[in-house]
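Then follow the text from the whole fold down to single rings.

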Amino acid sequence: MKQYIVDVFTDRVFSGNQAAVCVLENWLSDDLMQNIAKENNFSETAFAVKSGEKYLLRWFTPNGEIDFCGHATLGAAYVINRFYDTNHETIIFDTSYGNLTLTVTGGMVNMKTRAYPLNEIDITSDMIKAIGVTPRAAYKARDIMLVLESQYEVENLKVDSQLLKKLDGVSVAVTAKGDKYDCVSRVFAPQLDVIEDPVTGSTHCMIAPYWAKVLNKNQLIAYQASNRGGIIYAQVDGNTVNIAGRVVLYSVAEILSDLKNLDI
């Protein structure tokens with residue numbers, strides 16, 4: 001079985017967010033896909049199976065399956081366009097999150113999806129203790145988003161991962177207006193055994209609508225200020241968000257020729 005490793009939201013290897021992509025003829029067992037994700041130890045490993053004109057798509061972190069991952073979806077579309085459906089620029093994924101439509105043009109991949117709701121919540125002492133500063137505002141959807149005063153605060157934040165794990169969000173994002181880019185962010189997901197996610201497409205379905213409203217513009221260039229760093233291009237149109245970024249291929253590998261003996 002082929003496994004492709006891509007770096008997403010970047011134009012060079014060793015930056016952006018890593019994802020592993022496996023395109024299968026049939027599903028492996030959940031346990032085996034989970035073990036592959038653990039072995040990779042990336043924030044996500046994506047598994048795709050062709051079904052008619054679409055591809056079924058699932059995402060696994062080292063700690064379990066999740067309902068939506070942006071960067072691994074862009075990575076999967078890039079791999080399918082380059083190695084499997086080379087004549088089609090449009091790839092449709094059927095997922096637990098719904099149908100996701102992606103277009104691939106060269107190294108740029110665009111994903112059309114829905115915006116996360118911006119439900120403002122109270123700032124709690126637990127939030128302040130977990131990130132070490134007092135946010136200006138807090139919002140909750142699948143993830144928690146904390147708005148900070150400046151890019152400097154975002155970049156220099158020292159978080160307590162054990163306290164972050166107690167907050168009620170799959171991920172916890174911090175964001176601020178950018179100095180060079182429209183906005184900057186960092187994203188932490190200790191509940192999924194991902195202390196800091198390098199560049200996160202799904203959480204920008206929440207970050208981009210917020211800054212589109214605040215900055216009164218519907219096209220944004222966002223920077224995720226992790227150690228690897230990455231650039232997200234976002235367009236907000238009501239409840240729809242287009243998340244785009246560049247993807248580069250790092251490696252192509254053969255996991256094993258016979259997985260049946262390992263399937264448990």
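**From the whole chain to its rings**

Among contacts in the protein chain (heavy atoms within 4.5 Å) between residues at least 6 apart in sequence, 62% join residues at least 24 apart. This is a predicted model, in which local features need pLDDT of at least 70 and side-chain atom pairs count only at pLDDT 80 or more, while totals for chains, interfaces and linings use all residues. Residues are numbered from 1 along each chain as its sequence is written, and side-chain values use heavy atoms, with hydrogens and water left out.

The protein chain has six helices and 17 strands. Both are DSSP runs, numbered from the N terminus: helices are H or I with at least four residues, strands are E with at least two. The radius of gyration is 18 Å, close to the 18 Å that the globule rule gives for 264 residues, so the chain is as compact as a globular protein of that length. That radius is taken over C-alpha atoms, and the rule is 2.2 Å times the number of residues to the power 0.38. Along the principal axes, the C-alpha atoms fill a box of roughly 50 × 35 × 30 Å. Of the 264 residues, 54% are buried. Buried means under 20% relative accessible area, exposed over 50%, and partly exposed in between (1.4 Å probe, protein chains only).

Now find helix α2, residues 70-83. At 1.5 Å a residue, its 14 residues should span 20 Å, and its end C-alpha atoms are 20 Å apart, which agrees. The expected span is 1.5 Å times one less than the number of residues. Is α2 enclosed or open? In α2, 12 of the 14 residues are buried, so the helix is largely enclosed by the rest of the structure. Among them are L74, Y78 and I80.

Helix α6 (residues 204-215) passes the length test too: its 12 residues should span 16 Å, and the ends are 15 Å apart, which agrees. Nine of the 12 residues of α6 are buried, including M206, Y210 and W211. Just after α6, N216 takes a positive phi of about 55°.

Next, the inside. In soluble globular proteins, nonpolar side chains tend to be buried together. A nonpolar core is a set of buried Ala, Val, Leu, Ile, Met, Phe, Trp, Tyr and Cys residues joined through side-chain atoms within 4.5 Å. Which residues touch the most other members of the largest core? They are W59 and F93, in a core of 59 residues. Beyond its neighbours within four places in sequence, F93 contacts residues including T73, A76, A77 and I80. Apart from this core lies another, of 16 residues, among them A130 and L157.

Last, the rings. Rings of Phe, Tyr and Trp (its six-membered ring) pair if their centres lie within 6.5 Å; planes under 30 degrees apart count as stacked, over 60 as edge-to-face and the rest as tilted. The whole structure holds 11 aromatic pairs. Y4 and Y84 form an edge-to-face pair, 6.1 Å centre to centre with 80° between the planes. Y4 lies in strand β1 and Y84 in the loop between α2 and β6, so the pair ties together parts that are 80 residues apart in sequence. Y4 counts as buried at 4% relative accessibility, whereas Y84, at 33%, counts as partly exposed. Y181 and Y223 are stacked: 5.3 Å centre to centre, 15° between the planes. W59, F68, Y97 and Y116 form one aromatic cluster.
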